[in-house]
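User: Take a close look at the salt bridges in this model. Which side chains pair, and how far apart do the partners sit in sequence?

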Amino acid sequence: MTTGATLTAVGRPLTRVDGPAKVTGSGRYSAEYTLPGTVYAALVGARTACGRITDIDTRAAENADGVLAVLTHRNLPKIAGPPHLLPSLAGHAAPGESFFPMQDEAVHYFGQPVAMVIADSYERAQFAARQVHAHYERSASTTTLDEGRDQAYEPEAIFAGFLPARSVRGDVAAGFQAATQRLEATYHFAANHHNPIEPSATTAVWDGDRLTLYDATQGIVASQNTVAALLGVPPSKVRVHAPFVGGGFGCKAMIWPHVTLAAMAARHVRRPVKLALTREQMFTSCGHREEQEQHLEIGATDDGRLTALRHHKLSLTSPFDDWAEPSLSIASQAYACPNYEGVYRLVRSNTMTPTFTRGPGETTGMYALECLMDELAYRIGVDPVQLRLRNHAEADPNTGHPWSSDGAHECYRRGAARFDWQSRNPEPRSRRDGNWLIGTGMATAGYPVFFPMQPQRARARLYADGSAVVQCGTQEFGTGSATAMTQVAADGLGVSLENVRFEYGDTDLPNVAATVGSAGAGMISAAVHTAATTLRDQLIEQAIADPDSPLHQADPAAVVVHAGRMELRDRPASGESYRDLMQRHFMTDMDALGSWSPPPPNVPYGLATFGAQFAEVAVDPELGIVRVRRMVGAFAPGRILNARTAHSQAMGGMLWGIGQALLEGTVVDPRDGRWANASLGEYLVPVNADAPDVAIEFVEVTDTVVNPLGVKGLGEVGMVGAAAAIANAVFHATGYRARELPIRIEHLL
């Protein structure tokens with residue numbers, strides 16, 4: 001059997017194969033599927049943070065024009081069993097929270113669904129929803145860290161039970177005793193919301209006992225299994241379509257109650273039901289990055305070598321789940337510090353369960369660590385880049401295992417060179433441009449490499465005319481996966497790009513896990529590559545066994561395939577095309593199912609993607625305005641599948657870093673637990689006018705551990721370190737250390 005493929009398509013900056021469908025409008029999103037007889041559902045959210053419903057008046061809504069039904073806790077069927085919060089990386093059932101609404105009169109958070117109206121038009125459903133009037137017996141609530149600080153507790157595990165809440169290595173007390181430099185700081189982070197351009201939506205239709213969902217999801221299999229479990233039906237009776245998803249960033253990774261509610265509504269009225277969340281409901285229905293506080297202490301020698309690191313996090317979770325994003329994960333691995341203590345503490349509050357938000361945990365944890373590392377560099381008079389190089393962990397400090405691949409040193413070098421870091425004057429407030437104070441800063445980027453928990457599958461089929469179809473039950477939500485997988489399939493089969501079509505977005509296709517945690521590119525490419533090369537090898541074997549083939553009795557390892565032609569590596573004239581072989585054997589097509597099993601959890605390697613971020617800012621000292629003028633990011637994500645889409649992913653993450661540093665923060669009104677700025681008019685995100693010049697450098701490192709093509713993932717790491725680089729640049733410009741995000745105008749005045 002041949003063992004590898006010649007990669008000629010992979011890595012090229014191929015334009016998106018789904019581009020024409022998106023720009024012409026022929027590509028349909030979940031809310032755009034209008035089936036015959038479709039009716040519309042609208043949710044009614046609770047208007048208090050905590051309490052119980054004493055009465056709910058639905059008469060006006062039921063009598064409104066076009067209304068088919070109003071469902072509340074009094075008449076909605078009970079779910080089959082309580083949802084169990086599972087990591088969506090598993091690809092199995094992944095409810096967003098271990099709570100399902102409208103099962104009783106209890107209210108746990110503002111916006112919790114308490115009623116659902118179904119009507120014959122979207123406008124009528126929304127109007128009738130406003131006619132539902134609930135009355136509450138209100139209870140005392142906790143909605144901010146300060147309100148619940150004295151009730152904080154240390155859970156056994158966080159992140160849906162995926163990670164322990166406490167991690168220790170070495171002797172932290174001894175490490176601080178050995179230190180000649182000691183710094184500590186507390187950082188506060190406002191809650192963040194995802195705000196993809198497409199609000200979440202689900203269209204549900206029953207055909208007898210079979211359910212079809214058109215769902216805006218990052219995991220069609222997770223949607224399938226979650227809804228099946230909550231409804232008490234076999235997963236085989238549920239089919240999910242998601243050919244186009246308008247962004248996710250984590251809010252569509254877990255499966256939130258509205259998806260199952262749409263299915264319940266469709267079953268109740270026996271018609272297709274479309275449920276599309278409003279923009280305001282996106283702030284109360286799909287999770288968020290939790291409000292949090294991190295306290296760090298660093299011990300170091302006079303030359304800046306770390307001797308101890310204590311990193312504690314306090315954050316808000318829901319009344320029913322021990323959720324915290326893993327802010328201490330990559331921060332515990334980035335540097336060779338022998339003594340470490342990381343602890344998560346939680347406050348139960350009246351909010352829905354938080355969830356993955358782009359760069360979940362690493363963006364906040366590395367912000368805190370990288371700002372304090374910058375302080376250490378200034379205190380001891382060492383260049384910030386040199387301080388990072390001096391402390392970079394050459395092996396995973398948690399296990400001692402070597403990295404599967406590294407590249408950090410080259411990221412620092414190339415990023416600094418591209419940014420012209422060496423020309424800076426390190427003295428704060430030393431550079432001006434007219435009235436603007438100019439500052440530069442940098443930070444380390446890093447993100448763990450995650451593996452799914454089960455085999456990933458894809459199917460490849462080759463037709464006698466030389467065309468190929470490769471199928472995989474994944475979804476495309478703007479990352480460019482359909483394009484990259486077309487390239488992987490073409491190289492695996494040894495055919496030209498124009499002869500390959502990649503099919504996805506349907507649970508009837510071979511299944512893969514949800515695309516979260518930057519795991520999508522690695523796991524999907526592994527399945528596609530395995531399917532394609534398995535089919536290629538079967539065709540080579542058939543040619544070798546065929547007395548009429550020029551390759552008869554050849555060594556399989558000596559056969560290569562190029563442009564659909566099998567030939568001997570050292571004698572290219574000896575060979576034949578797939579088409580000739582298949583036509584000679586009267587074959588119309590041939591297919592193969594590829595299954596890739598990820599490495600075991602105890603693989604003896606450290607698994608992470610590293611990078612370096614650089615930023616230049618201009619600050620108006622009289623107005624407190626910050627403008628990011630330019631950014632440079634250098635990353636080592638393993639093999640690049642598509643240079644164009646990879647560049648877009650890295651750039652998008654870095655621009656998100658501007659939002660994290662300067663703009664994004666959701667504010668809660670503690671009187672009723674309402675998000676006070678639940679709109680794109682008041683929740684600020686970067687726009688084109690905020691976007692600076694962004695330069696991207698890729699350091700391709702060879703990784704033989706993570707998957708067949710050595711793909712480590714890129715979706716998250718571009719954001720990690722960006723906000724810290726900006727904050728460190730603000731310090732260089734002004735002398736102000738930002739310990740609260742976002743950095744606001746009033747902080748700088």
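**Salt bridges across the chain**

Analyst: E697 is buried, at 14% relative accessibility. Buried means under 20% relative accessible area, exposed over 50%, and partly exposed in between (1.4 Å probe, protein chains only). The model is predicted: local features need pLDDT of at least 70, side-chain atom pairs count only at pLDDT 80 or more, and totals for chains, interfaces and linings use all residues. Residues are numbered from 1 along each chain as its sequence is written, and side-chain values use heavy atoms, leaving out hydrogens and water.

The partner of E697 is R414, in a salt bridge of 2.8 Å, N to O. This pair links distant parts of the chain: R414 in helix 11 (residues 408-419) and E697 in strand 31 (residues 693-698), 283 residues apart. Helices (H or I, at least four residues) and strands (E, at least two) are DSSP runs, numbered from the N terminus. R414 is partly exposed, at 25% relative accessible area.

A salt bridge needs a side-chain nitrogen of Lys or Arg within 4 Å of a carboxyl oxygen of Asp or Glu. The count by this rule is 37.

R310 and E297 form one of them, with the closest N and O atoms 3.2 Å apart. R310 lies in strand 16 (residues 306-317) and E297 in strand 15 (residues 292-300), so the pair ties together parts 13 residues apart in sequence. Both are buried.

D591 and R461 also meet, at 2.8 Å, N to O. D591 sits in strand 26 (residues 589-596) and R461 in strand 20 (residues 456-463), so parts 130 residues apart in sequence are tied together. Shared partners also join R182, E297, R310 and E341 into one salt-bridge network.
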